[in-house]
Amino acid sequence: MKEEKIIKPANGYLMLLIVLLLFFGGIAMSIINETILFLLVTLLGFIGFFGFILVNPNTSKVILLFGKYVGTIKDNGLYWANPLFRKKTISLRASNFDSERLKVNDKLGNPIMISTILVWRVTDTYKAAFDVDNYENFVRVQTDAAVRKLASMYPYDNFADEGHDEDITLRSSVNEVSEALEKEIDERLSIAGIEVLEARIGYLAYAQEIASAMLKRQQATAIVAARHKIVQGAVEMVEMALNELNRKQIVELDDERKAAMVSNLLVILCGDKEASPVVNAGTLSH
């Protein structure tokens, strides 16, 4: 397999002066000497105009001669080379690619919508020009394929209550997923001489048909987790209250009254609404 070859043709400004002298000098000599022989010099100068190559900053010119790769010009400026050379322009600038939203299944089989944002640039002009048919279309197709593969490797979210407790998820592990995506795309695009500068998830959501159900599930999970925390804190507070009453010997409670007190405190601490206290002005026995 051939590799990229960097070349630097002749200085274009010097050749511009020579070509102009040949072109206009041939015309002048033909008029002075009244002969068409010098028109051959004019023709030579005219052909020389097709040999100029202008390379803009962060662009390159791939040079071919009758289908044979000659080299690549990467330094910007004005150059002159064989007029028979065929020039193909390839940009070396960083490019953005925002993929379409794809509908794929995650690791657990849930349909999700996902897209990626890719920043890339060409580093090997030979591979970009000749190893793939259309390197820009190659980037789009391989990026979509990499996103589909990545989505199938990780779940959208953790479902610990169902026994699916994953270390990496698409929703919460942003850095890890981006690194895995960047590595996967870079391996696929290396054949085209393309370097991946950045790759990250641009859009992520459940598919429309399950979005409502998953939202309710997430809300239910959040409510259960909150209730668990509230009950845990309420039990600790009741325990602390009983211990303080016993330590300071403020009042002695039998098991029945302790149970009643625990019940009342849990109702107050775990209830959604504020409690309405009832003041008992009598004794503990009435």
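Leaving aside residues up to four places away in sequence, Ala94 touches Val119, Trp120, Arg121 and Leu197. Ala94 sits in the loop between β6 (86–91) and β7 (95–98). Please keep in mind as you read that this is a predicted model.

- Is Ala94 buried or exposed? Ala94 counts as exposed, because its relative accessibility is 51% and the cut-off for exposed is over 50%.
- Along the sequence, Ala94 and Val119 are 25 residues apart, yet in space their C-alpha atoms are 6.5 Å apart.
- Val119 is also one of the residues that Ala94 touches.

**The chain as a whole**

- The chain has 286 residues, and 30% of them count as buried.
- Its secondary structure includes 7 helices and 10 strands.
- Take the contacts in the chain with a separation of 6 or more: 66% of them are accounted for by residues 24 or more positions apart.

- Thr116 counts as buried because its relative accessibility is 0%, where buried means under 20%.
- Ser115 counts as buried as well, at 3% relative accessibility.
- What does Thr116 touch, not counting residues up to four places away in sequence? The list is Phe97, Asp98, Ser99, Thr143, Val147, Leu181, Arg200, Ile201 and Gly202.
- With the neighbours up to four places away again not counted, Ser115 touches Asp98, Ser99, Glu100, Arg101, Arg200, Ile201, Gly202 and Tyr203.
- Thr116 and Tyr203 are 87 residues apart in sequence, while their C-alpha atoms are 6.8 Å apart in space.

**Helices α4 and α5**

- Helix α4 (residues 135–153) packs with helix α5 (residues 174–189) at an angle of about 140°, and their axes are 9 Å apart.
- The two helices, α4 and α5, are therefore oblique to each other.
- Their crossing, that of α4 and α5, is right-handed.
- On the α4 side, the contact is made by Phe138, Val139, Gln142, Thr143, Ala145, Ala146, Val147, Lys149 and Leu150. On the α5 side, it is made by Val177, Ala180, Leu181, Glu184, Ile185, Arg188 and Leu189.
- Sorted by class, the residues in the contact of α4 with α5 are 11 nonpolar, 2 polar and 3 charged.

**Leu189, a residue of α5**

- Leu189 has its place in helix α5, and it is among the residues that make the contact with α4.
- Leu189 counts as buried because its relative accessibility is 0%.
- Not counting residues up to four places away in sequence, Leu189 touches Leu118, Phe138, Val139, Gln142, Ile194 and Val196.
- Leu189 and Val122 are 67 residues apart in sequence, with 9.8 Å between their C-alpha atoms in space.

**Helices α1 and α2**

- How do helix α1 (residues 12–33) and helix α2 (residues 39–48) cross? Their axes cross at roughly 155° and come within 7 Å.
- Helices α1 and α2 are therefore roughly antiparallel to each other, the cut-off for that label being over 145 degrees.
- The crossing of α1 and α2 is left-handed.
- From α1, the residues Val19, Leu22, Phe23, Gly26, Ile27 and Ser30 take part, and they meet Leu39, Val41, Thr42, Leu44, Gly45, Phe46 and Gly48 in α2.
- The residues of the contact of α1 with α2 divide into 8 nonpolar and 5 polar, with no charged ones.

**Two loop residues with positive phi**

- Most residues other than glycine have a negative phi.
- Asn58 has a positive phi, near 60°, although it is a residue other than glycine. Asn58 lies in the loop between β2 (52–55) and β3 (59–65).
- Phe66 also has a positive phi, near 55°, and is a residue other than glycine. Phe66 is found in the loop between β3 and β4 (68–73).
- Phe66 is exposed, because its relative accessible area is 71%.

Definitions and conventions. Residues are numbered from 1 along each chain as its sequence is written. This is a predicted model: local features need pLDDT of at least 70, side-chain atom pairs count only at pLDDT 80 or more; totals for chains, interfaces and linings use all residues. Side-chain values use heavy atoms; hydrogens and water are left out. Axes are lines fitted to C-alpha atoms, for helices over the stretch in contact, and angles run from 0 to 180 degrees between N-to-C directions. Helices (H or I, at least four residues) and strands (E, at least two) are DSSP runs, numbered from the N terminus. Angles under 35 degrees count as roughly parallel, over 145 as roughly antiparallel, 65 to 115 as roughly perpendicular and the rest as oblique. A crossing is left-handed if the near helix is turned anticlockwise from the far one by less than a right angle, and right-handed if clockwise. Contact means heavy atoms within 4.5 Å. Ala, Val, Leu, Ile, Met, Phe, Trp, Tyr, Cys and Pro count as nonpolar, Asp, Glu, Lys and Arg as charged, and the others, Gly among them, as polar. Buried means under 20% relative accessible area, exposed over 50%, partly exposed in between (1.4 Å probe, protein chains only).
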